Amino acid sequence: MQPEEIDILMKDKTDFNKRLKLIAVLKAQESDHSIQALQYLLNHDVVYKVRLEAWQVLNEKGVQCTEPVARPRYAVVLEKTIGKLKRFGVWLMDITEGFR
């Protein structure tokens, strides 16, 4: 597979199965471009399954990188903040009940 084809497929966000097949192809290649493409998929893909597969192949090739997280940290923080705001809203409604 040519580097231009790899670049097109790794940035194609229409079907993540295409990117999973690309990772299988890149696994067999030993070029620097394949490692760069895998690192791009690991760091920039929105599908967790693609990031995880890219990470596994990179580890098999001996490239040190951090394991992808299933959910981004901002999502966890946002959910906790929303939960606190909801509890605050309930508390606020409870204490203002007597003023109506």
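Me: Which residue lies over the face of Tyr 40?
Reply: This is a predicted model, in which local features need pLDDT of at least 70, side-chain atom pairs count only at pLDDT 80 or more, and totals for chains, interfaces and linings use all residues. Residues are numbered from 1 along each chain as its sequence is written, and side-chain values use heavy atoms, leaving out hydrogens and water. A charge sits over a ring if NZ of Lys or CZ of Arg is within 6 Å of the ring centre and within 35 degrees of the ring normal. At 5.6 Å from the ring centre of Tyr 40, the residue over the face is Lys 11.

Me: How many salt bridges does a search of the whole structure find?
Reply: A salt bridge needs a side-chain nitrogen of Lys or Arg within 4 Å of a carboxyl oxygen of Asp or Glu. One of them pairs Asp 45 with Lys 13 at 3.8 Å, N to O. Across the whole structure the search gives 4.

Me: How far apart are the closest N and O atoms of Arg 19 and Asp 45?
Reply: Arg 19 is buried at a relative accessible area of 2%, and Asp 45 is also buried, at 4% (buried is under 20%, exposed over 50%, partly exposed in between; 1.4 Å probe, protein chains only). The pair links helix H2, which holds Arg 19, to the loop between H3 and H4, which holds Asp 45, 26 residues away (helices are DSSP runs of H or I of at least four residues, strands runs of E of at least two, numbered from the N terminus). Their salt bridge has its closest N and O atoms apart by 2.5 Å.

Me: Which residue forms a salt bridge with Glu 60?
Reply: The side chains meet at 3.4 Å, N to O. Glu 60 belongs to helix H4 and its partner to helix H2, so the bridge ties together parts 33 residues apart in sequence.

Me: Is Gln 29 buried or exposed?
Reply: Gln 29 sits in the loop between helix H2 (16–28) and helix H3 (32–44). Beyond residues up to four places away in sequence, Gln 29 touches Met 1, Ile 6, Ser 34 and Lys 61 (contact means heavy atoms within 4.5 Å). At 19% relative accessibility, Gln 29 counts as buried.

Me: What distance separates the C-alpha atoms of Gln 29 and Met 1?
Reply: Met 1 is among the residues that Gln 29 touches. The two are 28 residues apart along the chain, and their C-alpha atoms are separated by 9.2 Å.
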